[in-house]
Amino acid sequence: MTNRSTLLLIAALGTASAPAFAHVFVQSGTATVGGSYRAVLAVPHGCGASPTTKITVQIPEGMIAVKPMPKPGWLIETKKGPYAQSYDFMHGMKASEGIKQISWTGKLENDFYDEFVFSAYLPASLKADAPLYLPTLQTCENGSEDWAQIPAAGQDSHSLKSPAPAVRLAAAPAKDAMAQMAGMIHAGDLMISAPWTRATPPAAKVAGGYLTVTNNGKSSDRLIGGSFAGGSRIEVHEMSVTDGVMKMRPLNAGLEIKPGATVKLEPGGYHLMLMDLKKPFAKGEKIKAQLQFEKAGKVDVELDVNAVGASAPAGGGHAH
Ligand SMILES: [Cu+2]
């Protein structure tokens, strides 16, 4: 590309984005629910040619834990109030009130551009189908602009004269999806995720194996056992407390996974038992294994070897 065409392209892009630039708008216009959000309110011009002296934004219902970022030269005032409902916030906390309005008072010449920033949290319960609107009153030395118009259903916000800044919401990835993506295996109607085991002490002849199986089918399947590299076979075990003693026993008929059910094999409960280890498992290794299901058949998995004692069941766990 020549310098000249680069310049032309930049000029063309500049023209194309100019109409949106004429409004007060939210710069980071898409936010993922179930996480924190940094809102940047962009103010590209004054009221006509008159300098901006105050920006007042209304915080929409559902945008919680709002905190404005200090801004040199600008006085920040907030109004707090109750939310319409209580929301789940981070670390299991509930939030039922907070900042509902922020105003910044200062001066912004019409020839300059500025940004007004606050942080917020978007609860996971928010639906990603409708944007959140932040009606904003721009006060100037002469006059004001009320960016508060909200498009009706089906209406394009570009057709509005003074549209309210909007934040589009994006759905949060399914819980644990990120963590499981790498290890997720589909076999027929079954979905197997996060298979793992533990590093073993030198003399150990067995190791526990853990994973989650979901049956998306219409009929039951059974996890019967399997095989693995570096040992004889995999059994399916159940851990139970009998007369106050924690014991495990092999499930000779296998472990049933009912239609629609998610069964977790985890320390202290159902687990795989990897038998007759030829050498210990070392942390960071991956153990190739093949699980045997009654209907889904043989399914190849790789078990991540975690640290010795990772997520060990309370009370000592495995006695073999
Ligand atoms: Cu066991």
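**Asking how we know: a predicted model**

Trainee: Why does valine 301 count as buried?

Mentor: Valine 301 has 22 C-beta neighbours inside 10 Å. The cut-off for a buried residue is 20 or more, so valine 301 counts as buried. Bear in mind that this model is predicted.

Trainee: Where in the chain does valine 301 lie, and which residues does it touch?

Mentor: Valine 301 lies in strand S23, residues 297–306. Leaving aside residues up to four places away in sequence, valine 301 touches Ile185, Ile192, Pro195, Ala289 and Leu291. What makes these contacts is C-beta atoms within 7 Å. As for alanine 289, it is twelve residues from valine 301 in sequence, and the two are 5.4 Å apart in space, C-alpha to C-alpha.

Trainee: How much of the chain counts as buried?

Mentor: Of the 320 residues, 27% count as buried.

Trainee: What makes a set of residues the largest nonpolar core here?

Mentor: Its members have to be buried nonpolar residues joined through C-beta atoms within 7 Å. The largest such set has 31 residues, and Leu41, Met63, Ala120, Leu122 and Leu134 have the most contacts inside it. At least two residues of this core come from each of S1 (25–26), S3, S4, S5, S7, S8, S9 (132–133) and S12 (166–170). S8 gives the most, with five residues. In general, nonpolar side chains tend to be buried together in soluble globular proteins.

Trainee: Which residues does leucine 122 touch?

Mentor: Not counting residues up to four places away in sequence, leucine 122 touches Ala31, Val33, Gly34, Gly35, Tyr37, Met63 and Leu169.

Trainee: How many residues are in the second core?

Mentor: The second, separate core has 25 residues, including Val213, Leu223, Leu291 and Phe293. Leu291 is also one of the residues that valine 301 touches.

Trainee: How do you know that S3 and S8 pair?

Mentor: Pairing takes at least two bridges. S3 (residues 35–43) and S8 (residues 114–122) have nine bridges, so they pair, and the sense is antiparallel. For one of these bridges, look at valine 40, whose partner in S8 is valine 117.

Trainee: How do you know that S5 and S8 pair?

Mentor: The same test applies, with at least two bridges needed. S5 (residues 64–68) and S8 have three bridges, in the antiparallel sense, so they pair too. Proline 68 has phenylalanine 118 as its bridge partner in S8, while lysine 67 has serine 119.

Trainee: What makes S1 and S5 edge strands?

Mentor: S1 and S5 each pair on one side only. They belong to an open, antiparallel sheet of four strands in the order S1-S3-S8-S5.

Trainee: In what order do the strands of the five-stranded open sheet run?

Mentor: The order is S6-S7-S4-S10-S11, with antiparallel pairing. The edge strands are S6 (75–88) and S11 (144–147), each pairing on one side only. From one strand to the next, the twist averages 15°.

Trainee: How many bridges join S6 to S7?

Mentor: Ten bridges join S6 to S7, and the two run antiparallel. Lysine 80 is bridged to isoleucine 99 in S7. Five residues lie between the strands of this hairpin, where histidine 91 takes a positive phi near 55°.

Trainee: And how do you know that S4 and S7 pair, and S10 and S11?

Mentor: S4 (residues 52–58) and S7 (residues 94–108) share six bridges in the antiparallel sense, and threonine 52 has leucine 108 as a partner. S10 (residues 136–140) and S11 share four bridges, again antiparallel, with leucine 137 opposite aspartate 146. The test asks for at least two bridges, so S4 and S7 pass with six, and S10 and S11 pass with four.

Trainee: Where does pLDDT stay under 50?

Mentor: One stretch is residues 1–21, with three contacts beyond four places in sequence. Another is residues 312–320, with nine such contacts. For the chain, pLDDT averages 85, and 86% of the residues score at least 70.

Technical notes
Residues are numbered from 1 along each chain as its sequence is written. This is a predicted model: local features need pLDDT of at least 70, side-chain atom pairs count only at pLDDT 80 or more; totals for chains, interfaces and linings use all residues. Axes are lines fitted to C-alpha atoms, for helices over the stretch in contact, and angles run from 0 to 180 degrees between N-to-C directions. pLDDT is the predictor's confidence in each residue, from 0 to 100. Two residues are in contact if their C-beta atoms, placed from the backbone, lie within 7 Å. A residue is buried if 20 or more other C-beta atoms lie within 10 Å of its own, exposed if 12 or fewer, and partly exposed in between; C-beta atoms are placed from the backbone.
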